[in-house]
Amino acid sequence: MKFFIDTADIDAIRAWQSTGLIDGVTTNPTLAAKAGRAFIPLIEDICACISGPVSAEVTATEAEVMVREARILAGIAPNVAVKVPLTRDGLRACRALSDDGIQVNVTLCFSPAQAILAAKAGAAFVSPFVGRLDDIGARGMELIADVMEIYGNYPAFSTEVIVASVRHPVHVVEAARIGADIATVPPDVLDKMYNHPLTDRGVDAFLADWAGLGQSILDPSNTETRA
Ligand code: G3P
(Lines give C-alpha, C1' and ligand atoms only; values in the text may rest on other atoms or scores of the structure.)
Protein backbone atom coordinates (compact mmCIF):
# COMPACT_ATOMS: atom_id res chain seq x y z
CA MET A 1 0.00 0.00 0.00
CA LYS A 2 1.35 3.45 -0.86
CA PHE A 3 0.96 6.41 1.52
CA PHE A 4 0.58 9.92 0.17
CA ILE A 5 0.54 12.80 2.64
CA ASP A 6 -2.50 15.01 2.24
CA THR A 7 -1.25 18.53 2.90
CA ALA A 8 0.43 21.56 1.32
CA ASP A 9 2.36 22.28 4.53
CA ILE A 10 5.96 22.00 3.32
CA ASP A 11 7.34 21.54 6.84
CA ALA A 12 5.01 18.60 7.50
CA ILE A 13 5.87 17.11 4.10
CA ARG A 14 9.62 17.38 4.80
CA ALA A 15 9.23 15.90 8.29
CA TRP A 16 7.30 12.89 7.03
CA GLN A 17 9.42 12.52 3.88
CA SER A 18 12.44 12.02 6.15
CA THR A 19 10.77 8.93 7.65
CA GLY A 20 10.87 7.16 4.28
CA LEU A 21 7.21 6.19 4.75
CA ILE A 22 5.67 8.63 2.27
CA ASP A 23 5.29 7.87 -1.45
CA GLY A 24 3.70 11.11 -2.67
CA VAL A 25 1.72 14.24 -1.83
CA THR A 26 -1.81 15.39 -2.56
CA THR A 27 -2.92 19.00 -2.40
CA ASN A 28 -6.13 20.79 -3.35
CA PRO A 29 -7.15 24.47 -3.49
CA THR A 30 -8.26 24.43 0.18
CA LEU A 31 -4.95 22.96 1.36
CA ALA A 32 -3.03 25.35 -0.90
CA ALA A 33 -4.95 28.30 0.55
CA LYS A 34 -4.01 27.14 4.07
CA ALA A 35 -0.33 27.20 3.05
CA GLY A 36 -0.73 30.93 2.34
CA ARG A 37 1.94 31.04 -0.39
CA ALA A 38 2.15 31.66 -4.13
CA PHE A 39 0.83 28.43 -5.62
CA ILE A 40 3.39 27.68 -8.35
CA PRO A 41 6.48 28.17 -6.11
CA LEU A 42 4.74 26.09 -3.42
CA ILE A 43 4.27 23.17 -5.82
CA GLU A 44 7.88 23.63 -7.01
CA ASP A 45 9.12 23.33 -3.43
CA ILE A 46 6.96 20.27 -2.73
CA CYS A 47 8.14 18.55 -5.92
CA ALA A 48 11.74 19.27 -4.95
CA CYS A 49 11.48 17.47 -1.63
CA ILE A 50 9.77 14.26 -2.72
CA SER A 51 10.26 12.09 -5.81
CA GLY A 52 6.78 10.54 -5.85
CA PRO A 53 3.63 12.00 -7.44
CA VAL A 54 2.58 15.47 -6.24
CA SER A 55 -1.05 16.30 -6.98
CA ALA A 56 -1.74 19.93 -7.94
CA GLU A 57 -5.33 20.86 -8.82
CA VAL A 58 -6.64 23.03 -11.62
CA THR A 59 -9.14 25.74 -10.71
CA ALA A 60 -10.90 26.23 -14.05
CA THR A 61 -14.26 24.59 -14.74
CA GLU A 62 -14.21 24.46 -18.56
CA ALA A 63 -12.22 21.65 -20.19
CA GLU A 64 -10.19 23.86 -22.51
CA VAL A 65 -9.06 26.14 -19.70
CA MET A 66 -8.44 23.15 -17.41
CA VAL A 67 -6.07 21.76 -20.05
CA ARG A 68 -4.21 25.07 -20.31
CA GLU A 69 -3.83 25.25 -16.51
CA ALA A 70 -2.84 21.57 -16.36
CA ARG A 71 -0.03 22.04 -18.86
CA ILE A 72 1.38 24.85 -16.71
CA LEU A 73 1.18 22.66 -13.60
CA ALA A 74 2.65 19.62 -15.37
CA GLY A 75 5.51 21.82 -16.54
CA ILE A 76 6.57 22.54 -12.97
CA ALA A 77 8.19 19.12 -12.45
CA PRO A 78 8.05 15.60 -13.89
CA ASN A 79 6.37 14.26 -10.74
CA VAL A 80 3.36 16.59 -10.88
CA ALA A 81 0.04 14.75 -11.18
CA VAL A 82 -2.63 17.21 -12.28
CA LYS A 83 -5.88 17.05 -10.33
CA VAL A 84 -9.18 17.65 -12.12
CA PRO A 85 -12.68 17.35 -10.62
CA LEU A 86 -14.93 14.46 -11.66
CA THR A 87 -17.17 16.53 -13.90
CA ARG A 88 -17.95 16.23 -17.63
CA ASP A 89 -15.35 18.90 -18.35
CA GLY A 90 -12.89 17.33 -15.94
CA LEU A 91 -13.23 13.98 -17.72
CA ARG A 92 -12.75 15.64 -21.12
CA ALA A 93 -9.64 17.36 -19.83
CA CYS A 94 -8.42 14.09 -18.29
CA ARG A 95 -8.79 12.26 -21.61
CA ALA A 96 -6.85 14.93 -23.51
CA LEU A 97 -4.11 15.23 -20.89
CA SER A 98 -3.74 11.46 -20.44
CA ASP A 99 -3.43 11.06 -24.23
CA ASP A 100 -0.55 13.55 -24.01
CA GLY A 101 1.16 11.51 -21.31
CA ILE A 102 0.30 13.81 -18.42
CA GLN A 103 -0.55 12.06 -15.12
CA VAL A 104 -4.08 12.99 -14.00
CA ASN A 105 -5.66 12.49 -10.57
CA VAL A 106 -9.45 12.70 -10.96
CA THR A 107 -10.75 13.99 -7.64
CA LEU A 108 -14.06 14.53 -5.82
CA CYS A 109 -15.23 11.02 -6.70
CA PHE A 110 -18.33 9.89 -4.75
CA SER A 111 -19.79 6.96 -6.71
CA PRO A 112 -18.75 3.78 -8.56
CA ALA A 113 -20.24 5.20 -11.76
CA GLN A 114 -17.95 8.21 -11.51
CA ALA A 115 -14.95 5.96 -10.86
CA ILE A 116 -15.69 3.94 -14.01
CA LEU A 117 -15.70 7.14 -16.07
CA ALA A 118 -12.39 8.25 -14.51
CA ALA A 119 -10.77 4.97 -15.57
CA LYS A 120 -12.30 5.25 -19.05
CA ALA A 121 -10.84 8.77 -19.30
CA GLY A 122 -7.36 7.35 -18.71
CA ALA A 123 -6.86 8.74 -15.21
CA ALA A 124 -3.63 7.70 -13.51
CA PHE A 125 -5.41 8.09 -10.16
CA VAL A 126 -8.99 8.45 -8.92
CA SER A 127 -9.69 9.96 -5.48
CA PRO A 128 -12.89 8.77 -3.78
CA PHE A 129 -13.60 11.00 -0.74
CA VAL A 130 -14.54 8.56 2.02
CA GLY A 131 -14.72 11.06 4.91
CA ARG A 132 -17.19 13.31 3.16
CA LEU A 133 -19.45 10.34 2.42
CA ASP A 134 -19.25 9.29 6.09
CA ASP A 135 -20.07 12.89 7.02
CA ILE A 136 -23.50 12.55 5.31
CA GLY A 137 -24.24 9.13 6.78
CA ALA A 138 -23.13 7.09 3.78
CA ARG A 139 -20.47 4.38 3.97
CA GLY A 140 -17.33 5.78 2.39
CA MET A 141 -15.33 2.57 2.59
CA GLU A 142 -18.07 0.65 0.73
CA LEU A 143 -17.34 2.93 -2.23
CA ILE A 144 -13.69 1.88 -2.09
CA ALA A 145 -14.67 -1.80 -2.01
CA ASP A 146 -17.04 -1.28 -4.96
CA VAL A 147 -14.43 0.56 -7.03
CA MET A 148 -11.69 -1.99 -6.33
CA GLU A 149 -14.08 -4.83 -7.28
CA ILE A 150 -15.11 -3.11 -10.52
CA TYR A 151 -11.55 -2.15 -11.51
CA GLY A 152 -10.44 -5.72 -10.82
CA ASN A 153 -12.80 -6.94 -13.55
CA TYR A 154 -10.95 -4.95 -16.22
CA PRO A 155 -7.15 -5.49 -16.47
CA ALA A 156 -7.10 -2.71 -19.06
CA PHE A 157 -8.01 -0.21 -16.33
CA SER A 158 -4.70 1.18 -15.05
CA THR A 159 -6.17 3.78 -12.72
CA GLU A 160 -4.88 3.60 -9.13
CA VAL A 161 -7.37 4.25 -6.32
CA ILE A 162 -6.32 6.91 -3.80
CA VAL A 163 -8.47 6.71 -0.66
CA ALA A 164 -8.95 10.40 0.15
CA SER A 165 -10.74 12.54 2.71
CA VAL A 166 -9.27 10.24 5.37
CA ARG A 167 -10.43 11.18 8.86
CA HIS A 168 -8.80 8.59 11.16
CA PRO A 169 -6.51 5.51 11.19
CA VAL A 170 -9.45 3.12 10.76
CA HIS A 171 -9.98 4.52 7.27
CA VAL A 172 -6.38 3.56 6.45
CA VAL A 173 -6.69 0.08 7.99
CA GLU A 174 -9.96 -0.60 6.15
CA ALA A 175 -8.44 0.71 2.91
CA ALA A 176 -5.55 -1.74 3.35
CA ARG A 177 -7.95 -4.57 4.18
CA ILE A 178 -9.80 -3.87 0.93
CA GLY A 179 -6.52 -3.67 -0.99
CA ALA A 180 -6.76 -0.05 -2.11
CA ASP A 181 -3.64 1.10 -3.96
CA ILE A 182 -2.99 4.30 -2.03
CA ALA A 183 -4.26 6.21 0.98
CA THR A 184 -3.64 9.94 1.14
CA VAL A 185 -3.41 10.75 4.83
CA PRO A 186 -3.39 14.11 6.63
CA PRO A 187 -0.33 14.61 8.92
CA ASP A 188 -2.42 14.46 12.10
CA VAL A 189 -3.88 11.09 11.09
CA LEU A 190 -0.40 9.77 10.28
CA ASP A 191 0.62 10.75 13.82
CA LYS A 192 -2.37 8.88 15.25
CA MET A 193 -1.37 5.72 13.34
CA TYR A 194 1.84 5.10 15.29
CA ASN A 195 0.69 6.38 18.67
CA HIS A 196 -0.38 3.67 21.15
CA PRO A 197 -0.36 3.97 24.98
CA LEU A 198 0.77 0.35 25.43
CA THR A 199 3.81 1.03 23.25
CA ASP A 200 4.69 4.07 25.34
CA ARG A 201 4.16 2.11 28.55
CA GLY A 202 6.30 -0.76 27.25
CA VAL A 203 9.17 1.54 26.28
CA ASP A 204 9.08 3.19 29.72
CA ALA A 205 9.19 -0.20 31.45
CA PHE A 206 12.07 -1.50 29.28
CA LEU A 207 14.13 1.63 29.92
CA ALA A 208 13.43 1.58 33.66
CA ASP A 209 14.69 -2.01 33.89
CA TRP A 210 17.71 -1.21 31.69
CA ALA A 211 18.61 1.80 33.82
CA GLY A 212 18.99 -0.55 36.77
CA LEU A 213 21.90 -2.27 34.97
CA GLY A 214 23.95 0.93 34.81
CA GLN A 215 25.28 -0.02 31.37
CA SER A 216 25.46 1.83 28.05
CA ILE A 217 25.46 0.12 24.62
CA LEU A 218 27.57 3.02 23.30
CA ASP A 219 30.20 2.62 26.05
CA PRO A 220 33.17 0.68 24.57
CA SER A 221 34.16 -0.45 28.04
CA ASN A 222 30.83 -2.28 28.23
CA THR A 223 32.36 -5.71 27.71
CA GLU A 224 32.93 -8.77 29.82
CA THR A 225 35.84 -11.11 29.36
CA ARG A 226 34.15 -14.36 28.53
CA ALA A 227 35.21 -17.26 30.72
O1 G3P B 1 -7.35 14.79 -0.71
C2 G3P B 1 -8.65 15.26 -0.49
C3 G3P B 1 -8.79 15.71 0.92
O4 G3P B 1 -7.86 16.74 1.21
C5 G3P B 1 -10.18 16.18 1.25
O6 G3P B 1 -10.33 16.03 2.61
O7 G3P B 1 -11.23 16.52 4.86
O8 G3P B 1 -11.58 18.16 2.95
O9 G3P B 1 -12.78 15.94 2.98
P10 G3P B 1 -11.54 16.71 3.38
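By class, three nonpolar, three polar and four charged residues make up the shell around the ligand. The model is predicted, and the tour starts at this shell before moving out along the chain.

**Stop 1: the ligand and its shell**

Select the ligand together with Asp6, Asn28, Leu31, Lys83, Phe129, Arg132, Ala164, Ser165, Arg167 and Thr184, the residues that surround it. Colouring by class shows the charged members, Asp6, Lys83, Arg132 and Arg167. Leu31, Phe129 and Ala164 are the nonpolar ones, and Asn28, Ser165 and Thr184 are the polar ones. If pockets are displayed, the ligand is found in the largest pocket.

**Stop 2**

Which distances separate polar side-chain atoms of Asp6, Asn28 and Arg167 from oxygen atoms of the ligand? For Asp6, a polar side-chain atom is 2.6 Å from a ligand oxygen. For Arg167, the corresponding distance to an oxygen atom of the ligand is 2.8 Å. For Asn28, a polar side-chain atom lies 3.0 Å from an oxygen atom of the ligand. On its own the ligand has 310 Å² of accessible area, and the protein covers 80% of it.

**Stop 2: Asn28**

Asn28 belongs to the loop between strand S2 (24-26) and helix H2 (29-35). Is Asn28 buried or exposed? Its relative accessibility is 16%, so Asn28 counts as buried, the limit being under 20%. Besides its contact with the ligand, the side chain of Asn28 reaches two backbone nitrogens: that of Thr30 at 3.0 Å and that of Leu31 at 2.8 Å. Leu31 is also one of the residues that surround the ligand.

**Stop 3: Ser165**

Next, select Ser165, another residue of the ligand shell. Ser165 is placed in the loop between strand S7 (160-163) and helix H9 (169-178). Although Ser165 is not a glycine, its phi is positive, at about 60°. With a relative accessible area of 9%, Ser165 is buried.

**Stop 4: Leu108**

Move to strand S5 (residues 104-109), where Leu108 is found. Leu108 is not a glycine, yet it has a positive phi of about 60°. Its relative accessibility is 30%, so Leu108 counts as partly exposed.

**Stop 6**

Return to helix H9 and select Val172. How accessible is Val172? Val172 has 3% relative accessibility and therefore counts as buried.

**Stop 5**

Select Arg95 in helix H5 (residues 88-99). Arg95 is partly exposed, with a relative accessible area of 34%.

**Stop 6: the whole chain**

The chain contains eleven helices and eight strands. Along the principal axes, its C-alpha trace spans about 80 × 35 × 35 Å. What share of the 227 residues counts as buried? The figure is 44%; Asn28, Ser165 and Val172 are among the buried residues visited on this tour.

Conventions: Residues are numbered from 1 along each chain as its sequence is written. This is a predicted model: local features need pLDDT of at least 70, side-chain atom pairs count only at pLDDT 80 or more; totals for chains, interfaces and linings use all residues. Side-chain values use heavy atoms; hydrogens and water are left out. A residue is near a molecule or strand if one of its heavy atoms lies within 4 Å of it. A polar contact is a pair of N or O atoms within 3.5 Å; within protein, one must be able to donate a hydrogen and the other to accept it, and residues adjacent in sequence count only if both atoms are side-chain atoms. Accessible areas come from the Shrake-Rupley method with a 1.4 Å probe; for residues, only the protein chains shown count as cover. On a 1 Å grid over the protein atoms alone, a cavity is a set of points where a 1.4 Å probe fits but cannot get out, and a pocket is an open set with protein on both sides within 12 Å along at least five of seven lines; lining residues have an atom within 4 Å of a point. A molecule sits in a cavity or pocket if more than half of its atoms lie within 2 Å of its grid points. Helices (H or I, at least four residues) and strands (E, at least two) are DSSP runs, numbered from the N terminus. Buried means under 20% relative accessible area, exposed over 50%, partly exposed in between (1.4 Å probe, protein chains only).
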